[in-house]
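Me: I want to understand the words used for helix packing. Let me ask about them one at a time.

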Amino acid sequence: ALTRARDSDESLDESFKKTNVNARSAAESLDARLASDVVRRCAVALGQLKGVTATFRMTNKPTPTKPSHFAAGVVEPLRRFAESEAVRRASAPTRRALVDAAVAGVCAAYAAAAADLTDSVRKTEASLIRLKDRKGEKEKGSADFSSTSEKSTSGPTDAEKICRQVRLDAEAFGRAVARLGFDTEKSDAFSELWGVCGEGEAFVA
């Protein structure tokens, strides 16, 4: 009888452990879906990052000093998520995990988009400069090759202005998610983003 009782207790313990594992797995799956949904909504606003190129390419606009108009829109879905009833009703560790997962996902998408943009504008500028150099000194002043994207003594190139705007936008994003409690210093995802956008400078929240 004692043996049967022990076997029964062990069976109950095993069932309890399996139930906990299944519950955690379901919760983690739900967390992942919630975070993915927020990332998708942020990505809609992030798509406007491509417009930075048109803003500065051959427009003679000055070097930017403030974030783009769309920058706030990238963070807004994250803010709404962090302040939503569902997240607020969760335990403190769960809230933190949910928000951090969503922010990290946006950071990854942001880093990929910013890398594509900055790599593209730098390659384009390098091609323009090589093309101009091949035309020789005689045609340096030609209107066909006097775009503001060329390096000159008059100031920063178009590519430099674009990269500066990307940095300002990423900086605004980093400061905004820091206000949501996200630890930018300890986040590999944000470090990757800032590595793409930061122009070699340290991030200051």
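**How the helices pack**

Reply: Start with a pair. In this predicted model, the axes of helix H6 (residues 158-179) and helix H7 (residues 188-197) come within 9 Å and cross at roughly 155°.

Me: What makes H6 and H7 roughly parallel or roughly antiparallel to each other?

Reply: Compare the angle with the cut-off. Angles over 145 degrees count as roughly antiparallel. The axes of H6 and H7 cross at roughly 155°. H6 and H7 are therefore roughly antiparallel. The crossing of H6 past H7 is left-handed.

Me: Which residues of H6 and H7 meet?

Reply: H6 brings Val 166, Arg 167, Ala 170, Glu 171, Phe 173 and Gly 174. H7 brings Phe 190, Leu 193, Trp 194 and Cys 197. By class, the residues of this H6 and H7 contact are 7 nonpolar, 1 polar and 2 charged.

Me: How do you know that the buried residues of H7 line one face of the helix?

Reply: List them. Ala 189, Phe 190, Leu 193, Trp 194 and Cys 197 are buried. Looking down the axis of H7, these buried residues fall within an arc of 130°, so they line one face. An α-helix has 3.6 residues a turn, so residues three or four places apart point the same way.

Me: Which residues of H7 are exposed on the other side?

Reply: Asp 188 and Gly 195. To be called exposed, a residue needs over 50% relative accessible area. Buried means under 20%.

Me: What do the buried residues of H7 pack against?

Reply: They pack against helix H5 (92-135) and H6.

Me: Why are H3 and H6 called roughly parallel?

Reply: Helix H3 (residues 71-82) packs with H6 at an angle of about 25°, and their axes are 9 Å apart. Angles under 35 degrees count as roughly parallel. H3 and H6 are therefore roughly parallel to each other. H3 passes H6 in a right-handed crossing. On H3, the contact uses Ala 71, Val 74, Val 75 and Leu 78. On H6, it uses Asp 169, Phe 173, Ala 176 and Val 177. The contact of H3 with H6 has 7 nonpolar, no polar and 1 charged residues.

Me: How many helices and strands are in the protein?

Reply: The protein has 7 helices and 0 strands. Along the sequence, the pattern reads α-α-α-α-α-α-α. Of its 205 residues, 34% are buried.

Conventions: Residues numbered from 1 in each chain as written. Predicted model: local features only at pLDDT ≥ 70, side-chain atom pairs only at ≥ 80, totals over all residues. Heavy atoms only, no water. Axes fitted to C-alpha atoms, helices over the stretch in contact; angles between N-to-C directions. Helix = DSSP H or I, 4+ residues; strand = E, 2+ residues; numbered from the N terminus. Parallel < 35°, antiparallel > 145°, perpendicular 65-115°, else oblique. Left-handed = near helix turned anticlockwise from the far one by under 90°. Contact = heavy atoms within 4.5 Å. Nonpolar A, V, L, I, M, F, W, Y, C, P; charged D, E, K, R; others polar. Buried < 20%, exposed > 50% of the residue type's maximum accessible area, 1.4 Å probe, protein only. Arc of directions from axis to C-beta.
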